[in-house]
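Please examine the sequence and the structure shown here before reading the report.

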Amino acid sequence: MQILNQLEANPLPLEEEERRHGRRLLVGLVCALLLTSIVLGGYLWLRKRHERQMAAALEVESQKKAPKVEVLVDDSLVEAGKALLGGTIHNISNEPLRGIAVELQLRRRVGGGVETRVVVPESTELAPDARTRYSLELPSQDYISSTFLRVVAGKNRAALPFKALPGAARPPMDVPASKTVTVTRPSSKRDEFINTPSNPGKVP
């Protein structure tokens, strides 16, 4: 009873309470929007950073895979029982290359075994856009074929990305000189006259 009397004497300020409730809702909404904006902005920033890192990594990877050397592989020549293998190495990168060498895969004629031969070119250091020659001489009776395998560089013989292209073609073989052969046929007796002064005949 006493509580009812107090409520009647001091009624609750409903309007004030509603205003406070509205302010609390507004502050909560602003905080929620601010937090959402911060989270979204952080996500977008992290995503762009990740994309930049991935793009940089892909660029580095593509640069690693881009050919640094162009190799012109000449056709093999066979002279005096020896096979001559060779070609030209061209540095197409923007950096100097040291310890250059090429590896050839050779297949033996007997047994079909395969071996790898390292061939050191005339110059093992190539500046950008520089060229050098490599060559190898083998007994033709021992090997049946050769394949250009790869280009290596440095002390650890690390493989370099390369691009192989056809080099000098094999020169054409000399055509033997043509000869004119004259064949004389013996005359046939059919072409002779039957009745001649030296061989008279009787006419029936």
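The model is predicted, so local features need pLDDT of at least 70 and side-chain atom pairs count only at pLDDT 80 or more, while totals for chains, interfaces and linings use all residues. Residues are numbered from 1 along each chain as its sequence is written, and side-chain values use heavy atoms, with hydrogens and water left out.

Strand β6 spans residues 131–139; strands are DSSP runs of E with at least two residues, numbered from the N terminus. Buried means under 20% relative accessible area, exposed over 50%, and partly exposed in between (1.4 Å probe, protein chains only).

Strand β3 (residues 82–91) runs antiparallel to β6 and is joined to it by nine bridges; pairing requires at least two DSSP bridges between two strands. Leu85 has Leu136 of β6 as its bridge partner.

Two aromatic pairs are found in a search of the whole structure. Rings of Phe, Tyr and Trp (its six-membered ring) pair if their centres lie within 6.5 Å; planes under 30 degrees apart count as stacked, over 60 as edge-to-face and the rest as tilted.

| Pair | Centre distance | Plane angle | Class |
|---|---|---|---|
| Tyr134 and Phe148 | 6.1 Å | 50° | tilted |
| Phe148 and Phe162 | 5.5 Å | 65° | edge-to-face |

Phe148 lies in strand β7 (residues 143–153), 14 residues from Tyr134 in sequence. Phe162 belongs to strand β9 (residues 162–166). Phe148 is buried at 17% relative accessible area, whereas Phe162, at 29%, is partly exposed. Through these ring pairs, Tyr134, Phe148 and Phe162 form a cluster.

Terms used: Helix = DSSP H or I, 4+ residues; strand = E, 2+ residues; numbered from the N terminus.
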